[in-house]
6 protein chains.
Amino acid sequence: MGKKAVYPGSFDPITNGHIDILERSTRMFDRVVLAILGNPAKDSVFPLAGRLRMARESVGDMAGVTVETFQGLLVDFLVQQKADVIIRGIRAVSDFEYEFQMAMMNRRLNSRIETVYLMPSESYFYLSSHLVHEVASLNGDVTGLVPAGVQKILEGKYGPGKGRK
Amino acid sequence: MGKKAVYPGSFDPITNGHIDILERSTRMFDRVVLAILGNPAKDSVFPLAGRLRMARESVGDMAGVTVETFQGLLVDFLVQQKADVIIRGIRAVSDFEYEFQMAMMNRRLNSRIETVYLMPSESYFYLSSHLVHEVASLNGDVTGLVPAGVQKILEGKYGPGKGRK
Amino acid sequence: MGKKAVYPGSFDPITNGHIDILERSTRMFDRVVLAILGNPAKDSVFPLAGRLRMARESVGDMAGVTVETFQGLLVDFLVQQKADVIIRGIRAVSDFEYEFQMAMMNRRLNSRIETVYLMPSESYFYLSSHLVHEVASLNGDVTGLVPAGVQKILEGKYGPGKGRK
Amino acid sequence: MGKKAVYPGSFDPITNGHIDILERSTRMFDRVVLAILGNPAKDSVFPLAGRLRMARESVGDMAGVTVETFQGLLVDFLVQQKADVIIRGIRAVSDFEYEFQMAMMNRRLNSRIETVYLMPSESYFYLSSHLVHEVASLNGDVTGLVPAGVQKILEGKYGPGKGRK
Amino acid sequence: MGKKAVYPGSFDPITNGHIDILERSTRMFDRVVLAILGNPAKDSVFPLAGRLRMARESVGDMAGVTVETFQGLLVDFLVQQKADVIIRGIRAVSDFEYEFQMAMMNRRLNSRIETVYLMPSESYFYLSSHLVHEVASLNGDVTGLVPAGVQKILEGKYGPGKGRK
Amino acid sequence: MGKKAVYPGSFDPITNGHIDILERSTRMFDRVVLAILGNPAKDSVFPLAGRLRMARESVGDMAGVTVETFQGLLVDFLVQQKADVIIRGIRAVSDFEYEFQMAMMNRRLNSRIETVYLMPSESYFYLSSHLVHEVASLNGDVTGLVPAGVQKILEGKYGPGKGRK
């Protein structure tokens with residue numbers, strides 16, 4: 001049994017940038033849990049159940065990957081999962097500072113847990129769930145930014161995009 | 001007929017920093033459209049009609065400048081305006097990262113449209129519409145930060161400022 | 001009578017990082033006023049009276065330190081206090097840009113007032129009142145991050161943490 | 001006669017990232033001068049004549065583009081060229097701060113000259129002449145990073161690369 | 001046989017910050033090669049043989065760790081070592097941008113190799129080999145910043161430090 | 001006897017940006033020592049004696065200001081001067097990271113010494129001694145960037161500038 005890592009986030013919805021990081025993670029760790037944060041205090045566009053379903057449909061068949069939800073402290077979820085590595089994607093300077101803050105706090109809460117950062121493909125450096133919603137809500141085309149199933153759900157919610165130019 | 005560019009934003013309200021960027025733009029492009037975003041999802045302090053009126057009164061007589069409002073995707077507005085350049089002011093590292101994200105997304109949505117960045121005068125590096133509201137709401141003096149007409153409207157809303165020291 | 005400085009903030013609640021900056025300030029200035037912002041427009045978790053009480057209990061006996069609340073423009077509070085130095089802690093690049101913006105605006109509002117920046121101990125680089133609430137609300141242990149009295153109040157609000165590992 | 005802009009740099013050697021910026025510039029300005037800095041104080045790997053030849057072979061046939069060398073102050077070269085816009089590519093936060101410094105100084109030296117910033121394709125965000133030398137000198141493959149003619153010259157200098165994997 | 005990773009650098013000399021990252025790596029990967037860059041083009045204070053000896057004495061007995069030197073492209077060294085993960089410590093925004101550039105180039109040179117970033121303890125955020133030399137050369141005390149053996153060698157080179165205050 | 005602070009640097013040569021920071025410092029501290037670093041390892045354009053003379057002529061008559069040179073560790077110079085505050089100007093994100101590193105190291109070397117950061121006027125945000133040399137060496141006009149005496153010395157070295165446009 002090899003190393004197990006957790007890739008946490010809101011995944012609201014899962015994007016191709018998340019999947020890129022997840023694929024890179026599976027080359028490094030034997031098992032990776034994509035862990036969807038369900039804390040009630042955080043506003044999300046899609047409910048937890050919808051985010052879970054979209055993520056499972058998008059990545060559920062990747063070898064070594066499972067998709068779970070969690071509530072409470074992330075470090076407690078890792079203990080419960082018997083995992084000791086947190087995976088985070090990092091794209092920008094502002095990501096970096098927030099991530100630094102979270103990593104230091106998580107270390108303080110549980111010093112046995114380590115955070116590693118991966119960089120997504122440069123094709124996804126500009127991509128975020130928030131931006132996907134913004135584009136889709138204005139009927140922009142999100143083809144290639146999210147898995148096909150997620151695109152269909154976004155089109156159901158906001159109407160179809162107008163295609164690539 | 002020379003090049004046409006669009007300078008988009010919320011302009012809530014227009015500040016002297018915006019006007020500085022606009023003036024620099026007109027030296028470079030034959031026609032510049034100051035385009036006020038009217039998407040309902042974005043909270044604004046002033047309604048779209050008020051923002052339009054303040055902008056028109058402040059810059060409407062600059063040669064080559066028109067003031068418009070738009071809704072929907074910015075790249076679609078450019079196509080409709082037969083413009084292919086987006087102008088953005090850039091002041092800070094955090095601006096830069098957000099702008100990078102938007103530029104890459106806009107390129108993806110329409111690869112014929114290019115974004116250029118201009119730096120305002122160093123006198124306006126600290127200026128934002130948000131900060132103008134904050135100062136005016138505490139009765140601080142905003143002379144020199146916004147056009148005279150805008151200052152009058154802010155004073156009507158929040159009460160007069162207490163003058164420069 | 002030596003120099004008097006003001007250390008402004010929301011202090012919602014006061015953390016050990018704030019106290020670290022305050023202690024460093026007292027080595028430099030004869031009198032330091034910890035000034036808690038009470039502007040109604042800013043959301044706070046604790047009401048002004050609670051923030052004042054926690055701050056007074058935590059630092060009220062430090063030599064040369066007083067704790068006050070203020071409303072309105074910070075520069076006006078300094079004039080009223082006969083102080084001419086603003087103290088700010090700075091931890092991160094994103095802090096820096098926001099602080100730059102505020103310092104330039106404050107200089108414009110009152111050019112006799114100067115802002116100085118101090119760096120907290122590296123142990124507090126990741127610490128913020130917001131993060132303390134987030135951890136406490138998930139029953140994480142905040143021992144060492146806030147004064148004992150504040151910790152008790154947080155535990156009363158959110159339930160006790162689960163201890164250091 | 002439309003707008004004329006200058007795209008200055010060391011171009012030591014010209015890369016596909018430079019050509020990307022140049023192409024974007026030509027959509028915006030009628031004439032663009034790629035201007036190679038020949039100040040003796042700056043160390044360069046290739047001599048000025050070689051850099052000029054590589055740039056001319058790579059971009060000399062692009063419509064509206066000329067390749068020149070210059071010495072002395074950039075703003076003086078613009079005056080001599082009857083151009084009033086400087087074009088710069090911007091990729092990273094550290095670029096941004098250096099560029100800000102140069103833009104402010106150039107404005108001070110000649111307030112009629114404006115600098116605009118363009119972002120290269122995300123494929124070239126990591127690319128610099130320096131990195132190209134480093135990779136080529138270790139016999140790494142630089143196919144796709146520089147024009148074919150430049151690649152041949154680099155291979156003549158450092159030996160052939162080992163091909164993409 | 002589990003995952004093998006390479007932690008490359010100049011290690012000129014190895015510091016406690018490097019050892020911190022190395023220890024964190026060994027919790028994640030079964031075997032970690034600390035790989036000292038010996039390219040002649042890079043200036044180093046200590047010769048390669050000295051850097052190798054200091055690193056081996058400092059970390060040679062950590063389980064799963066070996067210390068090697070390499071020349072040429074890092075990605076070629078990984079192939080030769082049958083490793084597919086590069087480990088890098090990341091402390092600051094400026095690190096981040098340089099690391100991003102290198103990661104993208106390494107991916108281009110060999111897409112099977114992935115880079116992961118770890119954050120050192122906050123106690124080592126300010127630490128670099130360069131700063132250690134600067135302090136030691138001015139007879140400042142470097143106790144706690146480098147392993148005891150390295151400290152002895154620095155004191156032999158620059159004279160003893162003056163002790164903690 | 002009030003607080004004494006040290007403002008260290010290379011001052012190669014002193015610029016109006018340095019003088020701006022110095023003036024702000026004197027409002028806060030009773031005595032300020034402008035301390036010119038004379039470590040032989042650092043390359044400087046002007047020799048230490050010339051930098052000292054230019055600084056003394058430029059600021060020697062400011063109340064509470066003395067100009068000194070120092071060698072060795074900055075913290076040792078502060079102890080010798082019976083000062084316990086280091087003053088640094090901070091202009092940019094890249095400054096901030098370097099300054100953070102130095103502040104943490106200086107704290108480690110002597111925990112009684114504190115560093116404070118001041119922001120120069122926005123007119124000097126782009127100014128550095130290095131850039132002054134670069135402009136002067138290309139016969140650009142440096143009026144207003146350096147004191148009149150320094151300008152004369154630069155013109156003696158590089159030839160006169162061509163005046164503001």
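The model is predicted: local features need pLDDT of at least 70, side-chain atom pairs count only at pLDDT 80 or more, and totals for chains, interfaces and linings use all residues. Residues are numbered from 1 along each chain as its sequence is written, chains are lettered from A and ligands numbered from 1 in the order in which they are written, and side-chain values use heavy atoms, leaving out hydrogens and water.

**How chains E and A are related**

**What the E–A interface is made of**

- Chain E puts 29 residues into the contact, and chain A puts in 29 residues.
- Together the two chains bury about 2,400 Å², with 67% of it on carbon and sulfur atoms; that is the accessible area (1.4 Å probe) the two parts lose on being put together, summed over both.
- E:Met28, E:Phe96 and E:Met119 supply 28% of the area that chain E buries against chain A, more than any other three residues.
- The rule finds four salt bridges across this interface (a side-chain nitrogen of Lys or Arg within 4 Å of a carboxyl oxygen of Asp or Glu).
- A:Arg27 makes a salt bridge with E:Glu114, and their closest N and O atoms are 3.3 Å apart.
- On the chain E side, helix H4 (93-109) and strand S5 (114-118) each supply at least two residues; helices (H or I, at least four residues) and strands (E, at least two) are DSSP runs, numbered from the N terminus.
- H4(E) gives the largest share of that side, eight residues.

**Helix H6 of chain B**

- In H6 (residues 148-158), B:Val150, B:Gln151 and B:Leu154 are buried (under 20% relative accessible area, with exposed over 50% and partly exposed in between; 1.4 Å probe, protein chains only).
- These residues lie on the same side of H6(B), because they cover an arc of only 100 degrees around the axis (taken from the directions from the helix axis to the C-beta atoms).
- The buried residues of H6(B) pack against helix H2 (48-59) and helix H5 (129-137) of chain B.
- On the face turned away from the buried side, you'll find exposed B:Ala148, B:Lys152 and B:Gly156.
- Just after the helix, B:Gly159 takes a positive phi of about 95 degrees.

Technical notes. Contact = heavy atoms within 4.5 Å.
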